[in-house]
Amino acid sequence: MTPTLTISRLTKCFQSVEALKQVSLALQPGKRAALLGHNGAGKSTMMKIILGLIPFDSGEVSVCGEAPGSAAARMQVAYLPENVAFHPALTGEEQISHYLSLRGENPRIAPQLLARVGLAHAARRRIGTYSKGMRQRVGLAQSLIGRPRLLVLDEPTSGLDPVSRRDFYDLLDGLSADGTAILLSSHVLTEVEARTDSILILSGGQLVAEGTLADLRAQAALPITLLVRPEEGRATSLAAVFPEATIGSDGMLRFSCPQADKLPLLASITALGPEVADLDVIPPSLEDIYSHFSRRDGQ
Amino acid sequence: MSCILATAASEFRIAFRNRWVLIATGMMVLFALVLAAAGSAPTGDVDVDRLSVTVASLTSLAVYLVPLLALLMSFDAVAGEVERGTLPLLLTYPVSRLQILLGKLLAHLAILALAVTLGYGAALVMAVWSDPGAIQGIGSMVRLIWSSVLLGATFLGAGYALSALAQRPSGAAGLAVALWLVAVVLYDLALLALIVTDGGSVFTTRALPVALLANPADAFRVFNLSAGQAVAVAGGIGGAAGAIPLWQSAASLFVWPLLAITLALAAFRKVTP
């Protein structure tokens, strides 16, 4: 299958600052990729290049087989900017009708689109009276126009409450099932973990990690934490057996071990039988993995 | 084409909500009525019909008011989109920058056409009411309307260009005021000063016609005054109108809007969101 989006060796400089360095990636139809990175890592710059809003210095970008920003590419790509804004004097329905006309669609279906994002009740009110979350939904509604083949969403869930976030990801699931490739950036790692197919981590303009969450977890090879609660009065004798463990103020023994040593360590702990009251295995969280990759560049 | 019409419809709606339609129309009607009333006094001994005199006064009014209205409506066109943050999203749509500009131009021209038609119309009604024979001057009134729209188009285009250059509404507003002052007020003052010092020799006969044609506001004035045979009642810079063939001032009126829109497009293309 040909990828919807292909980027190879993309480099972009702003004056002397290199915003993107030799970034390469591919996004297949129907796949949802999350773009992570600290502020200023180059996420928005990369999105604007994909959309053809700003030029780039070297490398190649192909959007649905077309040059980014060409008329043919713009027909097939939809965008939701960070902090999306609209003219405050227009109503939600008028604004969406306008966008429908610009994409050559029937402007009369605007109320249906607004209903899909839960804004049917406010369709005839001016956008100037909307809350941030409502404006975000208008932005979302316009990105659904005309069955785009690539959706570029810059922090789409900012300003949305938890229930709206879930509805939003349900919408994305429906789109990706129809073959739309989705590239979204987010700071909320837990929702990205559950609702995307792959994760891209940008740091200092470089793509430092790419893959599914399981891939990244294996690549990072972060230590696993084991928490052991000793039976009453057995803490000191347990600590004597495992000098590598640290005892917390709560009386729990904390172990940190590489993935490969997990099972042997578990075996030796359980072998002690009655000394141990309880045991928790805590894998590295997405936050841990994310900071591992984005810190590698000294960030 | 549908993109242009959709943009125009949206822009017209915004201008209507922002009271621009009302303000523009109100201003034109008010000034036209005042002029029509004031202009009725000294016409007794002039051998032209009543309406032609009104048209001559309206021409002097339009030279100032139409560029001002056009600049007021247009200075926000690009800079406002940049400031609101609506431009990046708009530019990802399959619509060209030329289409965006033409859509805005169409909406603003429609408002301007409405304002001048109602304004001049009010003056026409007043003139015909007091002198039914004045209706024979209707041709010069129609000419005044369409040439005002062309003059407006020039300054709308110039306003878009300044808006794209400044990229901030406050900066664009300042540039628009400066342009209005220079093109409409100072230019004529400078010409008058030159005529006075020159004393009617080389400058007045050779350079003055060119200088008048080079300024869209002066070309508008010259065109309407010489076409309406109202030069006699006009005086001032308009007195030079007789020396310039009608086709030349008409050509200037038609070429300037194209030039202004081309400039605006070039400036808009340089805007990176």
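Helices α6(B) and α12(B) sit oblique to each other. This is a predicted model, so keep that in mind throughout. Here is the geometry. Helix α6, residues 97–130 of chain B, packs on helix α12, residues 246–269 of chain B. The angle is about 130°, and the axes are 10 Å apart. Why oblique? Angles over 145 degrees would count as roughly antiparallel and 65 to 115 as roughly perpendicular, so this pair falls in the oblique class. As for handedness, α6(B) crosses α12(B) in the right-handed sense.

Who makes the contact? From α6(B), we have Arg97(B), Leu98(B), Leu101(B) and Leu105(B). From α12(B), the residues are Ile261(B), Ala264(B), Leu265(B), Phe268(B) and Arg269(B). Sorted by class, that contact holds 7 nonpolar residues, 2 charged ones and no polar ones.

Now over to chain A, and a strand. Strand β6 covers residues 150–154 of chain A. How many of its residues are buried? 5 of 5. Take the two faces in turn. One side carries Leu150(A), Val152(A) and Asp154(A), all buried.

Next, the neighbours of β6(A). Strand β5, residues 77–80 of chain A, runs parallel to β6(A), joined by 4 bridges. Strand β7, residues 181–185 of chain A, also pairs with β6(A) in the parallel sense, over 5 bridges.

Which residues face Val152(A)? Tyr79(A) stands opposite Val152(A). In β7(A), the bridge partner of Val152(A) is Leu183(A).

Notes:
Residues are numbered from 1 along each chain as its sequence is written. Chains are lettered from A and ligands numbered from 1 in the order in which they are written. This is a predicted model: local features need pLDDT of at least 70, side-chain atom pairs count only at pLDDT 80 or more; totals for chains, interfaces and linings use all residues. Axes are lines fitted to C-alpha atoms, for helices over the stretch in contact, and angles run from 0 to 180 degrees between N-to-C directions. Helices (H or I, at least four residues) and strands (E, at least two) are DSSP runs, numbered from the N terminus. Angles under 35 degrees count as roughly parallel, over 145 as roughly antiparallel, 65 to 115 as roughly perpendicular and the rest as oblique. A crossing is left-handed if the near helix is turned anticlockwise from the far one by less than a right angle, and right-handed if clockwise. Two residues are in contact if their C-beta atoms, placed from the backbone, lie within 7 Å. Ala, Val, Leu, Ile, Met, Phe, Trp, Tyr, Cys and Pro count as nonpolar, Asp, Glu, Lys and Arg as charged, and the others, Gly among them, as polar. A residue is buried if 20 or more other C-beta atoms lie within 10 Å of its own, exposed if 12 or fewer, and partly exposed in between; C-beta atoms are placed from the backbone. Two strands pair if DSSP finds at least two bridges between them.
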